[in-house]
Amino acid sequence: KVLENRSLPNLAQGLQGVIPNLNLTMGDGKPTQSPSYNIRGTPSIGQGGNALVLIDGVEGDPSRINPNDVASVSVLKDAASTAIYGARANNGVILVTTKKGVEGRTQITYKFKGGVNFAREGYKYLDAGDYLYYQRLGWQRTNGGTSMENQKGFGVNSGVDLAFMTDANKHLLNEGWRSMADPVDPDKTLIFRNHAGELHDLTFRNAAFTQDHYLNLSGGNDKGTFSSSLGYYSEDGQIISTNYQRVNGTINGSYKLLPVLTVNAGGSFSWSKMPDLWTYDLKSPWNGETGEYELFYRTMSMFPTWNPWNEDGSPAAGWSNQD
């Protein structure tokens with residue numbers, strides 16, 4: 001019932017907070033991430049307690065199966081599990097049973113689930129005008145104005161879209177630049193261009209859509225049963241140009257050769273695709289080179305006076321991430 005009406009990238013996310021004493025630890029937020037499963041807590045100091053996961057009796061990775069194919073999930077937490085499955089079950093056993101065909105007429109089932117994820121409201125940053133006012137005034141009061149114009153972001157010599165207005169550059173006011181009195185010297189006028197939020201809007205989606213398609217064919221008679229399925233899942237990331245896609249297929253059947261002998265067979269495949277922020281070019285290309293977290297530093301905390309574009313329209317290199 002928990003999995004029935006939810007659109008999930010993998011089974012593990014559907015089990016979080018559902019089964020008592022089952023703790024799932026996700027290493028990161030990637031849709032393909034396989035979690036560690038812990039039952040009853042850590043068995044001893046300094047050692048993990050990863051549970052044994054069996055899918056239709058075979059050890060496997062539940063993140064690779066379609067949640068729509070799951071018929072039930074059971075957790076064995078007592079000593080009986082060790083007696084059945086041996087030493088591997090010291091930390092408990094998770095039994096995943098997939099859907100099988102049933103006797104009766106052939107049935108075709110199609111399900112579609114859709115959803116949307118909205119970005120969390122984040123920090124409100126100052127625009128370029130307020131940033132210049134407080135930074136220049138603060139530097140003046142704490143450092144006496146020494147080397148003011150060489151300070152990154154709020155100095156006119158620091159390579160940002162900022163200058164003292166002169167007859168030669170005042171035409172920029174007709175090209176999207178703004179003007180304000182210099183807070184440390186009101187006799188001078190600053191002209192600047194406001195780039196606040198520009199990188200954020202180019203990089204992040206406010207709404208990311210999810211779609212989940214599932215097709216199942218099953219049936220059988222008193223001699224045998226069969227079930228086959230095909231699923232397609234797609235989830236847009238909050239970062240533009242990131243998308244997770246997964247295709248799953250299963251087929252299984254059983255045939256009663258003798259009253260006391262039934263043969264069961266099955267197969268499955270799983271394919272998924274997800275871009276790696278370390279290796280591919282974003283549509284908004286200011287991703288970091290040392291870690292995925294750099295993307296957020298680079299797009300959320302650059303100076304609002306910094307122009308992210310070169311004159312030829314290519315992305316500017318800029319500086320490293322800022323505090």
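Predicted model: local features only at pLDDT ≥ 70, side-chain atom pairs only at ≥ 80, totals over all residues.

Student: What does the side chain of Asp61 meet in a salt bridge?
Tutor: Arg64. The N to O distance is 4.0 Å.

Student: And Arg64, buried or exposed?
Tutor: Exposed. The relative accessible area of Arg64 is 53%, and the cut-off for exposed is over 50%.

Student: How many salt bridges does the structure hold?
Tutor: Five. The Arg64 and Asp61 pair is one of them. Three residues are worth a look together: Arg136, Glu149 and Asp182 are linked in a network of salt bridges.

Student: Take Glu149 first. What is the N to O distance in its salt bridge with Arg136?
Tutor: 2.9 Å between the side chains of Glu149 and Arg136.

Student: Now Asp182. What N to O distance does it have to Arg136?
Tutor: 2.9 Å, again as a salt bridge between side chains. Asp182 lies in strand β9 (residues 178-182) and Arg136 in helix α3, so this pair ties together parts that are 46 residues apart in sequence.

Student: Asp182: buried or exposed?
Tutor: Buried, and so is Arg136.

Student: Switching to strand β10. Where is Leu190?
Tutor: Leu190 has its place in β10, which covers residues 185-192. Leu190 counts as buried because its relative accessibility is 0%.

Student: What is Leu190 in contact with, leaving aside neighbours within four places in sequence?
Tutor: Its contacts include Val156, Leu162, Ala163, Phe164, Met180 and Pro183. Arg136 and Asp182 are also among them. Those two belong to the salt-bridge network too.

Student: How far apart are the C-alpha atoms of Leu190 and Val156?
Tutor: 8.8 Å, with the two residues 34 apart along the chain.

Student: Phe164 came up. Which residue lies over its face?
Tutor: Lys188, at 4.8 Å from the ring centre.

Student: OK, aromatics. How many aromatic pairs are there?
Tutor: The structure holds four. In one, the ring centres of Tyr133 and Tyr134 are 5.1 Å apart and the planes are at 90 degrees, so the pair is edge-to-face. The cut-off for that class is over 60 degrees.

Student: Is Tyr133 buried, exposed or partly exposed?
Tutor: Partly exposed, because its relative accessibility is 36%.

Student: Surface next. Which residues form the nonpolar patch?
Tutor: Ile108, Tyr110, Phe112, Leu215, Leu217, Phe226, Leu230 and Phe269. Together they have about 800 Å² of accessible area.

Student: Which elements give two or more residues to that patch?
Tutor: β7 (104-118), β11 (207-220) and β12 (224-236). The largest share comes from β7, with three residues.

Student: And Leu217 in particular, which strand is it in?
Tutor: Leu217 is found in β11. Leu217 is partly exposed, because its relative accessible area is 32%.

Conventions. Residues numbered from 1 in each chain as written. Heavy atoms only, no water. Phe/Tyr/Trp six-rings, centres within 6.5 Å; stacked < 30°, edge-to-face > 60°. Buried < 20%, exposed > 50% of the residue type's maximum accessible area, 1.4 Å probe, protein only. Lys NZ or Arg CZ within 6 Å of the ring centre and 35° of its normal. Helix = DSSP H or I, 4+ residues; strand = E, 2+ residues; numbered from the N terminus. Contact = heavy atoms within 4.5 Å. Patch = residues over 30% accessible without salt bridge, like charges linked within 9 Å, V, L, I, M, F, W, Y side chains within 5 Å. Areas by Shrake-Rupley, 256 points an atom, 1.4 Å probe, with all protein chains shown as cover.
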